[in-house]
Structures are given as C-alpha cells and as structure tokens.
Amino acid sequence: MSSVSEDPDTGIPPAEVPDLPPPHAHGFWSRWVFSQDAKYIALQYSGTAIAIGLVALVLSWLIRMQLGFPGVFDFISAEAYYQFITMHGMIMVVYLLTAIFLGGFGNYLIPLMVGARDMVFPFVNMLSFWVYFLAVVVLAASFFAPGGPTGAGWTLYPPQAILSGTPGGTQWGIVLMLVSLILFIIGFTMGGLNYAVTVLQARTRGMTLMRMPLTIWGIFTATVMALLAFPALFVASVMMLFDRLLGTSFFMPALVEMGEQLSYGGGSPIVFQHLFWFFGHPEVYIVALPAFGIVSDLIAVHARKNIFGYRMMVWAIVIIGALSFIVWAHHMYVSGMHPYFGFFFATTTLIIAVPTALKVYNWILTLWRGDIHLTLPMLFALGFIVTFLNGGLTGLFLGNVVVDVPLSDTMFVVAHFHMVMGVAPIMVIYGAIYHWFPLISGRMLSHRLGLIHFWVTFIGAYAIFFPMHYVGLVGVPRRYPDISASFVPDSVATLNAFITVAALTVGAAQMLFLFNVAWSLARGRKAGHNPWRAASLEWQTPEVPPRHGNWGDELPVVYRWAYDYSVPGAPRDYIAQDDPGHRASWSHVP
Amino acid sequence: MTDATAHRSPPRPNGLEGVAADWASDQRAFKTASWGKAMMWIFLLSDTFVFAIFLISYMSARSSTEVEWPNASEVFALHVGQTELPLLLIAIMTFVLISSSGTMAMAVNFAYARNRRRTAQLMFATAALGALFVGMQAFEWTKLISEGVRPWGNPWGAEQFGATFFMITGFHGTHVSFGVLFLLIVANKVRKGEFDSGRRTWLCREKGDYEAVEIMGLYWHFVDLVWVFIFAFFYLW
C-alpha cells in the first residue's frame with residue numbers, strides 16, 4: 001500500500017513500518033480451522049475456554065452438593081470430591097480466566113484497539129491456540145484416565161500430589177495435569193509474544209502508549225507478567241513430572257508410606273511452594289489487570305465521561321504488575337518460613353493495596369457526576385467494583401501474618417479469593433461480552449434476558465460467598481468433603497445448604513446467558529455501527545463486524561486518547577480517536 | 001547496513017532523552033527493532049527466567065542437602081594416558097560453543113553485506129560446532145551413566161546431583177539442538193537465495209531482508225551465554 005509522509009497540519013509522523021496485508025486464507029482449513037486472523041483465533045480461544053469452563057461450573061455444583069448435603073449423594077466419595085475441587089480450581093484459574101482474557105480479549109482487541117491489521121505473527125498466533133487446545137484436551141482426558149484426574153488440590157503441593165493416597169497421584173491424573181500445564185505454557189508463550197510485540201511495535205500512526213485504551217494497558221501488562229511468571233510453573237511442572245516418572249527427588253523428602261520406605265530422599269517440598277507461588281501470585285494479577293483495564297473502559301463509555309486520572313491508572317497497572325512479583329510468599333505464612341520473610345512479604349502485600357485502592361477511587365470518581373447509563377456492561381462493571389472491593393478488603397486481613405495464621409486454610413480464604421479473582425473478573429468478562437458482542441456479531445444481546453442474568457448472578461454471588469466468610473470465621477477448614485460430624489455448630493450446616501441452593505441458582509442463570517448468546521446471534525436486534533457511541537478505535541472500522549485486515553485500504557490515524565466523551569463544544573458527545581476535527585494537535589497530549 | 005526498517009524512523013535525540021522520546025512516540029517503542037527482533041528479545045527474556053529458575057532450584061537443592069555433593073573436578077575429569085585431567089572435556093565443549101558464537105557473529109556480518117555464500121558457509125559452520133557440542137554432551141552423559149549416575153542417585157553423594165545435572169544440561173542441550181535445526185533451515189534458505197527472491201515469507205518481509213540471520217544469531221548467543229552460567233555453577237562451584 002502507499003507510502004505515507006508526515007501530515008503537514010497535525011505533524012503526525014510518517015509510517016515507520018510498511019503496511020502489508022495479513023496472510024489471506026484460502027480454502028476451508030485455513031479459514032475455519034487453522035485461521036490466522038486474530039479475531040477468529042480470539043473466538044476459538046474464548047469458545048474453548050468457555051467450554052472447559054462449563055466443566056468447571058458443573059464441578060462446582062457437585063462440590064456444593066456435597067458440602068450442602070453431605071452424605072446424600074453417595075456417588076461423591078471423598079476422592080471424587082478432591083478431584084472436583086482440584087479440577088475446578090485449575091480450570092477456572094488457568095484454562096478459563098487466563099485463556100479468555102489474554103487469548104480471547106487480547107487477540108480480539110489488541111490489533112483493533114491499537115490500529116493494527118492483525119497480530120505481528122499470525123502463524124505463531126494460530127499455533128498458540130492449537131497448543132492451548134491440545135492442553136485442554138490433555139486436561140479433559142484425565143477425567144477418562146485410569147484413576148481419574150488428580151485430586152491434589154489446585155496448588156498441586158508435593159509430596160502428597162504424587163503419592164498413592166491422593167487420587168491420580170500414582171496413576172495418570174497428575175501426569176496429565178502437569179503435561180497439560182507445560183503445553184499451556186508453551187502455547188501461551190507463543191501468543192503472549194505476539195500480544196506484547198503488537199502493542200509495543202505495531203501501533204498505528206498517532207497511537208502513543210499513553211493514548212492506548214486502558215484495556216490494552218491491562219492486557220499488555222498482564223501478558224508481560226505472564227511471560228515472566230509462567231516460567232516458574234513450567235520449571236516446577238517439569239521437576240514434579242521427573243519426580244513422578246523418573247524417581248528424582250526435587251521436591252520429595254525421605255518418606256514412609258504405608259509402613260514402607262519410599263525411594264525418595266533429600267528433596268524440598270517448600271521449593272515447590274516457592275516456585276508455584278512465584279507463578280501463582282502474579283497469576284492473580286494476570287487475571288485481574290485485564291479486568292481492571294476493561295472495566296475502566298466500560299465505565300468511561302457507559303458513564304459518558306473520560307476516565308478519571310488516566311495516567312495514574314496506567315502507572316497503577318504497571319506498579320501492581322511489578323509489585324506482584326515480590327509478594328508470593330504471603331501464600332506460605334503457615335508453610336514454615338523465617339519470620340522476617342513473613343514481615344517482608346506482609347509489607348509488600350499491603351503496599352499493593354495503595355495502587356489498587358487508587359484504581360477503585362478513580363473508577364468511582366469517573367462515575368461521579370457522569371451520565372450513567374445502566375446498560376448491561378455498566379451493571380456488570382458496577383458489580384465488579386463492589387465484589388472486587390469486598391474481596392480486596394478481606395485480602396487485607398489475609399495479608400497480615402498474625403491475622404492470616406488462624407484464618408489459613410479456612411473457608412474464609414475460599415470466600416476471599418472467589419470474591420476477588422473469581423466473581424470479580426467474571427463480572428468483567430460478562431460486561432465485556434455484553435459490550436463487544438455487537439462488534440463481534442453485529443447484533444445486540446437481549447437486554448431483558450441480560451438483566452435477569454445480571455441480577456441473579458450478582459445477588460447470587462453474594463448469597464454464595466458472603467455467608468462463606470462466616471463459615472470460615474467459625475473455623476470450617478477448606479478442602480474437607482464432610483465436616484458434619486465435627487466441632488462445627490449446626491448453623492454451619494444450615495448456611496452450607498443455603499449456599500448450595502444459591503450456587504445452583506447462579507449456575508442455572510449462566511445457562512440463561514448461553515441461551516441469550518445463541519438466541520441473539522440469530523435473532524438479536526441489529527446493532528448498527530457503534531451502538532454504545534464509543535470513542536476507541538475498535539468501533540471505527542469501515543465494516544462492523546470488522547473484516548480480515550480490520551481497516552480496509554488505509555490504516556487509521558489517531559489524533560487523541562480514547563476517552564473524549566462529553567467534550568464541551570464538540571458536535572457529538574464523543575470524539576472518536578481517529579477524528580482529526582475538534583482540538584486535534586499532535587503536540588497536545590493526550 | 002542496518003535494520004531494514006530503521007531508516008523510516010523519525011530523527012530523535014540521543015541518550016536518555018531519546019529513550020523517553022521513543023516511549024512517548026507512536027507506532028514503535030523500539031525504533032530500530034523490527035517485529036521479529038523484538039519478539040526474539042522478549043522470548044529470550046522469558047527464557048532467561050526459565051533458566052534462572054532452573055539454576056536457582058539447583059542452587060537451593062545443593063546448598064540445603066545434608067549428604068555430601070559430588071566433587072565436580074573429580075566427577076567431570078577425563079583419563080588421558082596416565083593422568084586425570086579435571087574439566088578437560090568441559091573446557092573443550094565450552095571452547096567449541098564460544099567459537100560457534102564467533103562464526104555466528106561473522107555470519108550476521110556477511111548477511112548484512114548480502115554475501116550469500118559466506119553467510120551460508122558460516123551458518124553451516126556454526127551448526128556443525130553446535131552439533132559437535134551436543135555430541136560431546138552425549139559422550140559426557142554416556143560416561144556419567146556408565147559410572148552409575150542416574151537421575152535418582154549416584155555413587156558419590158546427594159541424589160539431586162544427577163537429577164539437576166541431567167535436567168539442566170539436557171534442557172540446555174535441547175536448546176542447542178533446536179538451534180542447530182533452525183540454523184540449518186535458515187542457512188539453507190540463504191544458500192538458495194530465498195531472501196533475495198523478493199517473495200514474502202514469514203522469515204523475510206522484502207527483497208534483501210536478511211534479518212532472519214540476525215534473529216537466529218540472537219538466539220544462538222543467548223544459548224551460549226546460558227552455557228557460561230551453567231558451566232560456572234555446575235562445573236566450577
């Protein structure tokens with residue numbers, strides 16, 4: 001395509017990289033299966049993630065059925081229960097949340113929002129999905145393997161993870177789990193390199209880093225973190241796989257099992273915990289930062305106001321990302337560490353509350369005196385703020401060593417992390433789907449069905465997790481299939497039954513959402529070009545839904561940030577990023 | 001000749017101000033790096049974490065073991081005639097790998113000059129040295145295995161010795177092997193003149209774009225650098 005020179009009026013620099021068309025598909029396989037279009041790969045990623053996520057949802061029902069009505073369902077043995085909680089946790093954290101935020105939203109939104117035609121290496125991007133798909137298949141295969149999936153808990157702590165007392169420990173379960181994780185990491189790395197390089201090196205003319213929507217900042221930072229944190233899980237998985245298959249003793253101390261001395265000796269289980277949480281804590285923010293970014297954009301668009309403190313928001317994302325690498329051992333306060341470590345990690349943990357709180361304030365200040373439209377994306381964004389705040393506050397409890405010690409391994413912890421990295425990011429995922437569905441499909445999702453979905457999910461989530469805090473404070477430990485015959489008061493059993501009913505109801509509401517998607521794809525109201533009147537670049541494509549290559553003949557030129565809403569004197573209540581009109585000047589930043 | 005797209009970047013100040021200007025600019029944060037080069041650098045950063053964590057796990061195992069750690073200069077010694085030469089094989093291996101970095105650097109230089117023959121020759125030489133390294137590593141493994149070293153134990157002390165040794169050198173050797181494979185592929189493309197054909201492929205954006213050679217070189221030097229650390233921590237400690 002043509003060479004571009006400097007724009008004389010605005011001084012926008014000429015194109016540095018030649019604008020070449022992305023590889024075109026020819027034939028069925030390269031169009032519908034091994035597609036190299038980031039938008040299609042995004043849908044493949046999301047579809048696979050949601051499919052395996054449904055398995056995790058069903059597992060959560062089974063978990064709750066056992067906890068709410070212990071002994072009633074005799075097909076749920078203690079072993080099966082352990083397998084359910086393990087697979088539920090691992091699928092939700094890694095195979096659903098990480099995959100859908102980075103592989104799904106990342107693939108769809110990065111090229112569109114920074115004004116690129118596609119990811120920088122579409123072929124590698126395609127491979128990334130298929131390796132991820134393979135990882136999911138291997139994971140799902142463990143359900144059908146002899147002995148079933150691993151029941152080691154999602155943290156896979158050795159030595160129990162590879163001993164015979166744990167379901168799948170000496171059979172296929174743990175092996176398939178570790179292989180699947182290794183595959184996931186390889187697949188993610190291929191995608192992650194694409195996301196990072198596209199943001200850094202493939203932005204369109206005029207798109208500075210400080211003009212990117214916060215969605216991209218969140219996804220970009222999370223991607224960089226994932227590229228640096230997943231290596232720890234990779235190494236830990238390889239080493240545990242060797243412990244299990246080759247009989248090495250990286251993590252295995254000398255052990256006596258069933259009166260028999262095992263051949264292991266000299267390894268350290270604590271090393272695994274350090275490696276796991278060096279991955280595991282950044283992982284929390286790998287899930288949270290894209291959610292932070294997306295929710296910022298949802299709030300700005302649907303409150304018709306620029307995001308409050310854009311630069312602060314960017315730096316908060318980056319600082320949270322950096323800090324999250326030096327807090328990992330707050331997951332190990334009861335594992336046996338030098339007390340000074342606890343002091344250090346408690347301090348860094350609580351420092352993270354500062355940039356995080358700053359973000360919450362800025363969301364609220366964006367809403368303040370905004371023109372709030374209670375659309376579905378806005379409702380889910382508000383739901384996110386509340387649930388995230390709630391989960392964040394209990395995080396302050398657990399970040400302090402002395403408060404954490406009695407609360408460790410109780411249902412309080414379960415309630416905390418489900419609130420902060422379960423419910424909250426999922427609220428954002430739903431908000432984002434309701435927001436971008438018109439862009440992806442050209443049709444709106446049903447508002448009425450969406451309202452039912454939102455209120456049942458939001459109130460239901462509170463009905464599930466709010467009482468769970470009390471259950472934990474009473475002292476009910478997590479990961480116990482049946483505590484009815486122990487010290488806990490009867491009220492706990494009542495609460496547990498209540499939580500189970502709420503959980504099943506919320507689960508049913510998600511089926512309503514799936515129905516909404518299917519129905520709206522066929523029959524939904526036509527969305528038109530930019531139904532939310534959003535200013536960011538992804539809505540400014542020549543065609544909606546955007547075609548392969550995104551931008552038609554000419555790449556867009558960006559003149560402003562993504563948050564010019566309700567600008568006084570402007571002809572409309574938003575000014576698109578590629579609108580050269582009102583108050584446009586290169587030197588005027590943002 | 002510099003990067004194929006570098007001349008298209010606008011003039012900018014030098015030093016720290018230049019860095020700030022780059023990050024505040026549109027389009028690209030690294031003005032002289034193409035997409036492929038940026039991708040390789042970020043991949044190497046990620047891979048650095050992998051190797052660092054392998055080595056830290058090894059150091060943790062070694063410094064916390066209660067059994068004696070095998071003495072490296074005895075374990076890794078070779079009998080030559082009547083004398084026991086500590087670290088002889090490993091010294092040769094290291095020399096070979098460092099030399100291969102030299103031939104690689106020369107190949108990159110000739111690629112910029114678009115000298116197809118020399119570039120291909122030097123890349124084949126690099127691949128040959130890499131293969132020689134892997135071969136000697138196989139010999140070293142064979143020797144240790146025949147002396148009774150296993151991932152789960154060895155005759156001289158802590159069983160983590162064999163486990164970490166095979167795992168880390170094996171992981172590095174895998175990197176070298178993949179490097180050799182890709183060197184051969186790229187060298188063959190250079191030899192056939194694919195980068196001068198003007199056909200756009202995933203390794204070549206435009207006629208005369210030899211950047212794939214340099215990106216290959218980045219990887220190769222990285223694998224070399226990692227070896228220096230493995231050498232220091234495993235054989236000299």
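These are my notebook entries on a predicted model with chains A and B.

**Entry 1: where the chains touch**

I looked up the contact between the two chains. Chain A puts in 38 residues, and chain B puts in 37 residues. I then went through the helices on the chain A side. Helix H5 (172-201), helix H6 (214-245) and helix H7 (269-302) of chain A each give at least two residues to the side that touches chain B. The largest share comes from H6(A), with eight residues. I also sorted this side of chain A by residue class. I noted 24 nonpolar, eleven polar and three charged residues.

**Entry 2: the domains of chain B**

I looked up how chain B is divided. Domain 1 covers 1-32, and domain 2 covers 34-236. The centres of domain 1 of chain B and domain 2 of chain B, taken over C-alpha atoms, are 32 Å apart.

**Entry 3: A:Ser164**

I picked one residue of chain A and looked for its place. A:Ser164 sits in the loop between helix H4 (122-141) and H5 of chain A.

Last, I checked a pair of residues in chain A. A:Ser164 and A:Gly507 are 343 residues apart along the chain, and their C-alpha atoms are separated by 34 Å.

Definitions and conventions: Residues are numbered from 1 along each chain as its sequence is written. Chains are lettered from A and ligands numbered from 1 in the order in which they are written. This is a predicted model: local features need pLDDT of at least 70, side-chain atom pairs count only at pLDDT 80 or more; totals for chains, interfaces and linings use all residues. Two residues are in contact if their C-beta atoms, placed from the backbone, lie within 7 Å. Helices (H or I, at least four residues) and strands (E, at least two) are DSSP runs, numbered from the N terminus. Ala, Val, Leu, Ile, Met, Phe, Trp, Tyr, Cys and Pro count as nonpolar, Asp, Glu, Lys and Arg as charged, and the others, Gly among them, as polar. Domain bounds come from an automatic or database domain assignment.
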